[in-house]
Structure formats: C-alpha cells, structure tokens
Amino acid sequence: MLRKIRIAIALIMLSLLSFYFIDFAGIAPVETKLLTKIQLVPALLALNIGAIIILLLLTFLFGRVYCSVICPLGIWQDVAEFISGLFKRKRKYKFLPTRNLLRYGILGAVTLAFFLGFTFLLSLLEPYSIFGRIASNIFRPLYQEGNNLLTTILGWFNNYKLYMVEITIRSIFSFIIAGISLLIISFMGYRYGRLYCNTICPVGSLLGFLSKYSLFKVRIDKNKCNSCGVCATKCKASCINSKDHQVDYSRCVTCFNCLESCKKDAISYDWSLKTAANEKGPNSGRRSFMAVTGAGLITIPLAKAKNTAALLNGKKAFKRKQPLSPPGSVSAEHLLSHCTACHLCVSRCPSHVLKPAFTEYGLGGIMQPMMSFEEGFCNYDCTVCSQTCPNGAILPLTKEEKHLTQTGRVVFTLENCIVYSYDTDCGACSEHCPTQAVTMKPYKDGLTIPTVDPDICVGCGGCEYVCPAEPFKAINVEGNAVQLEAKPIKEEKEKDIKVEDFGF
C-alpha cells in the first residue's frame, strides 16, 4: 500500500510540475507554483525558511521522501526505470558499495564553487534545475507541436477552439545541454535505477547524510529474514545488503519496492528510537533544431556580408557591454548567486524576451536568464518572471515597482536611423516607448527624428525590438550592472478648456 501511495503522489507531482513548465496558454492553476517553492535548492537560495524546515523535518522523520515524491528528476528516473521493466521484466538490481568519496566530493566541489561565485556547476547538477531545462527546452516544444497538430486536425472539422503557436528554441546551447541531460539521466534511470541520485546529485548526497538518522526506516528483521536476496534485486537504489541484513540509509530513497517483494514479511517500514541510534549502514524538437541549424549555416555568412557593407557605409554596430538581467533580479551579481538556471522564468515569459545566456554573464553565468529583444520586448505591466521565480533570484515586483525598475538605458545611434539615412518618416521607437524615454523632435523638411531621455527609460526594449533599421538598430538598450530606479514620468496637467459655444 505504501508503494502505491508513493507512486500516486509522485505521478501527481511530476504531472503538475511538468505542465507548469510547458503551459504556454496560462491555464495551469496558480497554486502549482507552490511546488517550485518546495524544491530544496531553490528554497535554500531564496532563504525560504518555512520550506527548508519542512523538508529537513520530513527527511529526519521519513528519510529521503523528497527524492521519491517531490524531486521531479528523481520521479523521472522512476519513469525511465518503469519503462525498462516493460522491455526487461526480470530486471534485477544488486547491492553495490557506496561511493562516498565521489558523492561527497561532488557535493563539496559544488558548494565550494557556489561560494566562490561559480554557480554554473550547481546549475549543471542540481536536479530541479536539470528537470526545468529539460521541460522548457524539450517537453515544451513537443507539447506545442502536439497542440499545432491537434489544431490542424480540429480545423478540418471546423472546430477552432485551439490556436496555432510559434515553436521557438530560445537557446541552442541550452537546448543541447537539456538534450544531453535528458539522455544521460534517462539512460542511468533506465539501466541503473537511482544511480544518479546516489553518486552525483548534490541534493541526494546532502539529504542522504541526514536520512541516516531518520526515525522511520526500512528495517530487516533478522529473525525472519532467510537472506534470499529478493529485496536487493528490487532495490533501485542498490542499497540493501541482504547477506548482512543491512540497509544503507544514506542511499535509500524510500521507494518501498522492497516491502512488497519479501515473502517472509521480514522487511517493514517503521520507527524505533533505539535502533535508529544503533543501526549503521554498510561501510560506507528535432525538426526545429534542424531548421534552426540549417538556417544558421546559410544566414550567418550573409549576415556578416551585410554587416561589413553597412560598416563601409558609415553605419555603427552596437555591442552591449552589460547584459540585461530580468526586472527584479537586482543585479547580475545577485542573479548569479541565486539562480540555478531552472528556466521556469524563460518558459513562462509571455513575451519571449527572456532567453538563456551563453557567456554574456561570464562562464559562471552560463544558461542563466537574460533579456533579449530579438523576438519581443518586456511588457510594461508584466511581472510574471518575478512572481514565478522560486529561488529569490528574481524578486517579486508589483506593477508599480516594475514601472520604476530600470534594467537598462536607451542608446540612440543617429547614423543608423532611417530618418537620417533615407530622409524618410519613421517614429516606431517612440510609439512603442511606454515611458516616453524616446520622443520625436523636429528634424528637417517636416520630418521628426528620435531624441532620448535615458533617465526615465526602464530598459523594456520596445524601441529596440521595433526599430526597422538594418543591419544595425538605431535604438538599443545598454544593460545596468545594478538595476536602478528610473525617474517617474512627468505627467502633463490637463488643461481645462472651456468651450462656450459650438463653432458652427
């Protein structure tokens, strides 16, 4: 019964979390985001004391239930292990010696690197973030592809309740990392059960140390046990030494598979303060990808040729010196010290302005979110990323606070402006500026040309996104190393104009 309850809870958790990541239509219940708040590393980084206490207390009472029913990557390995059972029904595990030097070495290296400011290692190995990247970069495009296929089919029957969505890959690098992670984790789960959790995962190592002292444990009754070893063959954590009647509690993920396997009722899951003190463990989207890649091979040389020609014609290229971190992230330093690159903010950003960084933040900031205005701009009233971040890397903002949060400052390059170059009318940048940091001033021959006020700019990128100048934009946004407070907009007082009579 315990095993069935665990499986049911785990599947519900995995389904809700997965849907929260892939949901592009915003129909996932708001309460679902609570599941992201109770992931251990995000809770630690956000100093979510309540969640940390609950998780530690849960581990101290029941062992590594976090790994068995809360961690989505752990549950995903169970899914892979279940699939392997469909093809190889007589899969048998066996007891393996613990690799404490490796697992605690990784935990120490990740912790040391994090405090030295190199958070990339934590982002790469932290289970929740790994699953987040897989869901955002792999599952979400597949889900969108399925939606588009279903939309097409329904259209044949004049049913238009669904709508087509554009499938995009936000970062090839993150897509590759997510794909490699998916293959490695799935293969390890398929072939070796919970090997990743017990040899590599820093969260598993940390909770494993605590679970050695948990009150409720899987226990072997030596008087009943005949050392048949069936329980060990069912243990996906390879932590049961049936010959010595011992369980390595630092690796047991409380899957309860062993309970139902024992015909002698020699294994139970209960608590005992006495035995807890004495027991010791043993010595211990192919198509999208191809399209993007193929298009890149063709367009990159053409783009370089266009850029060179533009430079010869007096145009100026703009190179951003400082990346734009999401509103509410305070600074790049704050973001890097809290973010584990789970990509939840990237996945849920409705305007697609967030994308995983490559080396814009440096090597330590690979895959962490930054603003890019290639496919959209930051909606003035939107606070989704700040409301969904479970790590505290992006602090919650109200709309009013967001309106005054300056992530970057507008920069105007006269030589690139089409009004200057072609003596033609424009003004798209001004029309898309929500703060009037870009306005139009008289130029010549009845034309107007942009003028900027960086102090009231919030760095939303609306001007840069819509600027029609090619190959170099005339309006760009330079990021702020530390997000500042923009000057409030001066609202013009309404003039009372008395109309004494109609003019006709």
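**Terms and basis of the model**

A crossing of two helices is right-handed if the near helix is turned clockwise from the far one by less than a right angle, and left-handed if anticlockwise. Helices are DSSP runs (H or I, at least four residues), numbered from the N terminus.

The model is predicted: local features need pLDDT of at least 70 and side-chain atom pairs count only at pLDDT 80 or more, while totals for chains, interfaces and linings use all residues. Residues are numbered from 1 along each chain as its sequence is written, and side-chain values use heavy atoms, leaving out hydrogens and water.

**Helix α9**

Helix α9 comprises 30 residues, 127-156. From first to last C-alpha it reaches 42 Å, close to the expected 44 Å (1.5 Å times one less than the number of residues). At Phe 139, shortly before Pro 141, α9 has a kink of about 35 degrees (the angle between axes fitted to the seven residues ending there and the seven starting there). After the helix comes Asn 158, with a positive phi near 60 degrees.

**Packing of α1 against α9**

Helix α1 (residues 2-22) packs against α9 at an angle of about 65 degrees, with the axes 8 Å apart. Axes here are lines fitted to C-alpha atoms over the stretch in contact, and angles run from 0 to 180 degrees between N-to-C directions. The crossing of α1 and α9 is right-handed. Contact (heavy atoms within 4.5 Å) involves residues including Phe 19 of α1 and Phe 139 of α9.

**Packing of α1 against α6**

With helix α6 (residues 72-87), α1 forms an angle of about 115 degrees, the axes lying 10 Å apart. This crossing of α1 and α6 is left-handed. Among the residues that meet are Leu 14 in α1 and Ile 75 in α6.

Note on methods. Helix = DSSP H or I, 4+ residues; strand = E, 2+ residues; numbered from the N terminus.
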